[in-house]
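Please read it alongside the sequence and the structure shown here.

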Amino acid sequence: MEKLLGKNTSFKVKGLKLGIRDFMQFENLAVWQRSADLACDIYKHFKSSKEFGLKDQITRSALSISSNIAEGYERKTPKDYARFLSYSKGSCGELRSQIYIAVKIGEIDIKTSELWIEETKQLSKMLSGLMKSIESWD
């Protein structure tokens, strides 16, 4: 995080000393916003699907990405946060695997799958970067 903000990662507001986490809520993170958008797209796509097993699993893994980002943020320590970001990254891989299978059984068209697969890869990279940045938070 210091690399992004310089050495001074705290701010004074009317006599209060605030840390970077006071300003950086999970809702403001691009990775959370994009993963929430992806989950919404997947939920909409599978809304009328009759493949209940796949529908349940793929929507759950999609939802887990943003949910774990949020849950980790609300944890007590940077180490806890990093652990939940790792879970989120794992959910990206799980979702990507399910997308490949959904294409093979005809539940997702190629164009949509390519967009979603690329998005999961980008989210994984963003999560890796965020995990590296919080290593110095303690």
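## Packing of H2 and H3

In this predicted model, H2 and H3 pack with their axes 9 Å apart and at an angle of about 160°. Since angles over 145 degrees count as roughly antiparallel, H2 is therefore roughly antiparallel to H3. The crossing of these two helices, H2 and H3, is left-handed.

On the H2 side, the contact is formed by Val31, Trp32, Ser35, Ala36, Ala39, Ile42 and Tyr43, which meet Ile58, Thr59, Ala62, Leu63, Ile65, Ser66, Ile69 and Ala70 of H3. Divided by class, the contact of H2 with H3 comprises twelve nonpolar and three polar residues, with no charged residues.

## Packing of H3 and H4

Helix H3, spanning residues 52-73, packs against helix H4, spanning residues 78-104, at an angle of about 160°, and their axes are 8 Å apart. H3 and H4 are therefore roughly antiparallel to each other, and their crossing is left-handed.

The H3 residues in this contact include Leu54, Gln57, Ile58, Ser61 and Ala62, while those that H4 contributes include Tyr81, Phe84, Leu85, Tyr87 and Ser88. By class, the residues of the contact of H3 with H4 divide into 14 nonpolar, eight polar and two charged. Ile58, Ala62, Ile65 and Ile69 are among the H3 residues that meet H4, and these four residues are also among those that meet H2.

## Packing of H4 and H5

The axes of H4 and H5 come within 9 Å and cross at roughly 165°, which makes H4 roughly antiparallel to H5. H4 passes H5 in a left-handed crossing, and the contact between H4 and H5 has 17 nonpolar, six polar and three charged residues.

In one of them, the side chains of Glu119 and Arg34 meet at 2.7 Å, N to O. This pair links distant parts of the chain, given that Glu119 lies in helix H5 (residues 110-134) and Arg34 in helix H2 (residues 30-45), 85 residues apart.

## Confidence of the model

The protein chain averages a pLDDT of 86, and 80% of the residues score at least 70. Over residues 1-18, however, the pLDDT is below 50, although this stretch has 22 contacts in the model beyond near neighbours in sequence. Where pLDDT is low, predicted coordinates should not be read in detail.

Key. Residues numbered from 1 in each chain as written. Heavy atoms only, no water. Axes fitted to C-alpha atoms, helices over the stretch in contact; angles between N-to-C directions. Parallel < 35°, antiparallel > 145°, perpendicular 65-115°, else oblique. Left-handed = near helix turned anticlockwise from the far one by under 90°. Contact = heavy atoms within 4.5 Å. Nonpolar A, V, L, I, M, F, W, Y, C, P; charged D, E, K, R; others polar. pLDDT = per-residue confidence, 0-100. Salt bridge = Lys/Arg side-chain N within 4 Å of Asp/Glu carboxyl O.
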